Amino acid sequence: MSKESLFSNMAQTILDGDIETAQKLAQQSLDESINPLETINKGYKTGLDEIGRGFETGEYYLPDLVLAGKTMEAAVVVLEPALEEVAGKQDFLGKVLLATVAGDVHSIGKDLVALMLSLNGFEVVNIGHNVPTPTIVEQTKLEKPDIIGLSALLTTTTQAQRDVIVALEEAGIRGQVKVLIGGAATSNEWAQQIKADGYAEDAQAAVRKAKAVLGIE
Ligand code: B12
């Protein structure tokens with residue numbers, strides 16, 4: 001099977017919610033030495049993007065999104081050891097506190113970012129999804145991270161990213177930490193607007209941005 005057909009079959013498993021085949025194809029990509037990041041981005045994520053579009057037009061429903069999410073997570077489990085190999089052993093670069101903001105339960109992208117950061121030398125404290133702003137501020141005081149990463153996938157919940165930055169200012173700790181934002185509903189422009197320190201479009205870019213804001217490389 002060509003690489004393109006394999007990726008397209010992977011995307012189809014997301015549309016079908018076919019966990020078993022998704023995992024089988026993930027293993028096949030490893031047997032064929034395909035870079036696991038390429039597999040995620042060109043295979044499974046393409047399926048998630050498609051199901052997202054179909055959800056908007058009424059072709060897919062909430063249970064389809066739920067199953068698609070579970071299928072993606074199951075595929076990533078198979079790919080995880082290979083992601084570790086790609087990253088290799090890394091020096092400690094810094095500590096990152098990661099959360100999906102209040103009102104937003106999307107966690108797959110944030111968890112991928114957590115995985116990639118931890119494989120690349122960052123200590124990651126992943127405090128979950130739908131995390132209230134005061135909790136993020138409390139955890140920042142407690143954990144003293146170098147970076148806070150805030151994920152938002154809903155247009156409505158991007159406002160909570162701004163709320164966190166304002167709350168950090170009010171708590172007098174904004175200057176002690178860099179804030180990175182991400183998630184499908186966000187952009188570079190939004191990062192500038194809310195005075196975040198940076199935005200990244202995917203997990204690999206998140207690693208590059210995390211290093212950049214700490215002045216590494
Ligand atoms: C799977 C999914 C779900 C699953 C989530 C399961 C889970 N455990 O996460 C479930 C079923 C729970 C869900 C629920 C809902 N969803 Co939904 N969902 C999706 C879907 C199809 C895929 C998201 C995903 O996982 N993508 C794959 C990952 C890898 O990509 P990613 O999240 O973008 O993350 C990458 C980057 O963005 C970046 N990144 C992400 N976070 C961060 C953070 C930092 C700091 C950095 C630097 C980078 C970064 O790196 C990641 C890895 O590469 C999207 C469609 C889409 N195309 O995004 C809709 C989508 C996000 N959902 C949508 C909607 C409307 C909903 C619901 C409101 C539906 C409903 N009526 O109930 C609810 C929301 C509930 C809530 N309060 O949060 C809309 C949002 C529209 C909008 N703009 O507001 C979308 C866009 C679908 C659509 N086109 O209509 N959803």
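Colleague: Which residues cover the two faces of β4?
Modeller: Lys178, Leu180 and Gly182 cover one side of β4 and Val179 and Ile181 the other, and all of them are buried. A residue is buried if 20 or more other C-beta atoms lie within 10 Å of its own, exposed if 12 or fewer, and partly exposed in between, with C-beta atoms placed from the backbone. Please note that this is a predicted model: local features need pLDDT of at least 70, side-chain atom pairs count only at pLDDT 80 or more, and totals for chains, interfaces and linings use all residues. Residues are numbered from 1 along each chain as its sequence is written.

Colleague: So how is β4 placed as a whole?
Modeller: Five of the five residues of β4 are buried, so the strand is largely enclosed by the rest of the structure. Strands here are DSSP runs of E with at least two residues, helices are runs of H or I with at least four, and both are numbered from the N terminus.

Colleague: And β3, how many of its residues are buried?
Modeller: Five of the five residues of β3 are buried. Ile147, Gly149 and Ser151 are on one side, with Ile148 and Leu150 on the other.

Colleague: In which sense do β3 and β4 pair?
Modeller: They pair in the parallel sense, over five bridges. Two strands count as paired if DSSP finds at least two bridges between them. Gly149 has Leu180 as its bridge partner in β4, and Ile148 has Val179.

Colleague: What holds paired strands together in general?
Modeller: Strands of a sheet pair through backbone hydrogen bonds, either parallel or antiparallel.

Colleague: Then what is the strand order in the open sheet?
Modeller: The order is β2-β1-β3-β4-β5, with parallel pairing. The edge strands are β2 and β5, each of which pairs on one side only. Strand β1, residues 94-100, joins β3 over five bridges in the parallel sense. Within that pair, Leu97 stands opposite Ile148 and Ala99 opposite Leu150.

Colleague: Changing topic: where does the ligand lie relative to domain 1 and domain 2?
Modeller: Domain 1 (3-87) and domain 2 (94-213) both give residues to the shell around the ligand, so the ligand lies between them. The domain bounds come from an automatic or database domain assignment.

Colleague: Which of the residues around it come nearest?
Modeller: There are 39 residues around the ligand, and Gly52, Gly69, Gly109, Gly149 and Gly182 come nearest. A residue is near a molecule or strand if its C-beta atom, placed from the backbone, lies within 6 Å of it.

Colleague: Which element gives the most to that shell?
Modeller: Helix α3 does, with eight residues. The elements supplying at least two residues each include β3 and β4.

Colleague: What is the shell made of by class?
Modeller: It has 21 nonpolar, eleven polar and seven charged residues. Ala, Val, Leu, Ile, Met, Phe, Trp, Tyr, Cys and Pro count as nonpolar, Asp, Glu, Lys and Arg as charged, and the others, Gly among them, as polar.

Colleague: On another matter, what is the phi of Asn130?
Modeller: It is near 50 degrees, a positive value in a residue other than glycine. Most residues other than glycine have a negative phi. Asn130 sits in the loop between β2 and α6 and is partly exposed, with 16 other C-beta atoms within 10 Å.

Colleague: And Lys195, is that residue buried or exposed?
Modeller: Lys195 counts as exposed, because it has 12 C-beta neighbours inside 10 Å. Its phi is near 60 degrees, also positive, and the residue is found in the loop between α8 and β5.

Colleague: Finally, how many helices and strands are in the protein?
Modeller: There are nine helices and five strands. Buried residues make up 37% of the 217 residues.
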